Amino acid sequence: MEFGKTERVALPAMRVASYEVTSGEPERVAIDFMEKWLENRNLFAGANGVRGFGFDCHKGRSIPDGSRIYRVYYSVPKSVQGDADVAVKQFAGGNFATLVITDPFSGDFPQAWGVLLKWAADNHAKNRLGCTRPDDVYSLFSNEDSPCLEEIFCNGGVQYMAIYLPIE
């Protein structure tokens with residue numbers, strides 16, 4: 001696992017297909033479901049501008065012990081409509097501090113949130129969540145208007161994860 005350079009980026013507003021799962025390990029279930037859903041519409045994550053993001057969103061919600069709620073957003077063209085399982089909505093975008101992690105699952109990638117928080121503090125980039133400790137990021141993920149995001153992608157057979165901390 002290796003951390004890249006931390007920098008400020010502006011994510012554009014985008015139309016997204018949104019789906020969430022509640023379980024002990026919801027990420028894989030949510031991603032697999034959405035990738036099949038997209039494929040049924042002849043869309044593919046990482047191709048033709050389709051980007052996929054995920055975030056924990058359980059703050060303030062009642063969930064079973066040992067569970068988390070994980071939501072995924074996939075950017076979609078205007079022609080795509082939601083259904084009973086997937087809502088299509090507008091993601092506002094905005095300014096984020098970002099860090100790309102090479103081979104993120106080979107180590108303790110959550111420590112990267114601490115790197116982003118420190119960068120934001122050192123660069124006077126107020127994070128929109130108001131958190132100051134890495135553990136706070138996880139408790140505040142649920143701000144749907146301005147979530148902390150994870151984006152997994154591959155390049156040259158190597159897996160990467162870009163993490164995004166919303167900043168002003």
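Isoleucine 101 stands opposite methionine 161 in strand E9, and valine 100 stands opposite alanine 162 in E9. The model is predicted: local features need pLDDT of at least 70 and side-chain atom pairs count only at pLDDT 80 or more, while totals for chains, interfaces and linings use all residues. Residues are numbered from 1 along each chain as its sequence is written, and side-chain values use heavy atoms, with hydrogens and water left out. Strands (E, at least two residues) and helices (H or I, at least four) are DSSP runs, numbered from the N terminus.

Strand E7 (residues 94-102) and E9 pair in the antiparallel sense over seven bridges; two strands pair if DSSP finds at least two bridges between them. In a regular strand the side chains alternate between the two faces of the sheet. Strand E9 (residues 158-166) is mostly covered, with seven of its nine residues buried. Buried means under 20% relative accessible area, exposed means over 50%, and partly exposed lies in between (1.4 Å probe, protein chains only).

E9 also has strand E8 (residues 149-155) as a partner: the two run antiparallel and are joined by seven bridges. Leucine 149 has tyrosine 164 in E9 as its bridge partner. E8 and E9 form a hairpin with two residues between them. In that turn, glycine 156 has a positive phi of about 60 degrees.

Strand E2 (residues 7-11) runs antiparallel to E7 and is joined to it by five bridges, with glutamate 7 opposite threonine 98. Strand E1 (residues 2-3) pairs with E7 in the antiparallel sense over two bridges. Here threonine 102 is the bridge partner of glutamate 2.

The next topic is the largest pocket. About 650 Å³ of space lies in this pocket. Of the 30 residues that line it, the closest to its centre are Ile31, Tyr70, Glu151, Ile152 and Met161. The elements giving two or more residues to the lining are H1, E4, strand E5 (68-75), E8 and E9. E8 gives the most, with five residues. On a 1 Å grid over the protein atoms alone, a pocket is an open set of points where a 1.4 Å probe fits, with protein on both sides within 12 Å along at least five of seven lines; lining residues have an atom within 4 Å of a point. Grid points are joined across faces, edges and corners, and the volume is the space filled by probe spheres set on the points.

Arginine 41 is found in the loop between helix H1 (26-39) and strand E4 (52-56). This arginine is partly exposed, with a relative accessible area of 31%. Leaving aside residues up to four places away in sequence, arginine 41 touches Val80, Gln81 and Asp83, where contact means heavy atoms within 4.5 Å. Arginine 41 and glutamine 81 are 40 residues apart along the chain, and their C-alpha atoms are separated by 9.8 Å. The side chain of arginine 41 makes a polar contact with the side chain of aspartate 83 (3.2 Å), and also reaches the backbone oxygen of tryptophan 37 at 2.9 Å. A polar contact is a pair of N or O atoms within 3.5 Å; within protein, one must be able to donate a hydrogen and the other to accept it, and residues adjacent in sequence count only if both atoms are side-chain atoms.

In helix H2, Ala112, Trp113, Gly114, Leu116, Leu117, Trp119 and Ala120 are buried. Just after H2, histidine 124 takes a positive phi of about 50 degrees.
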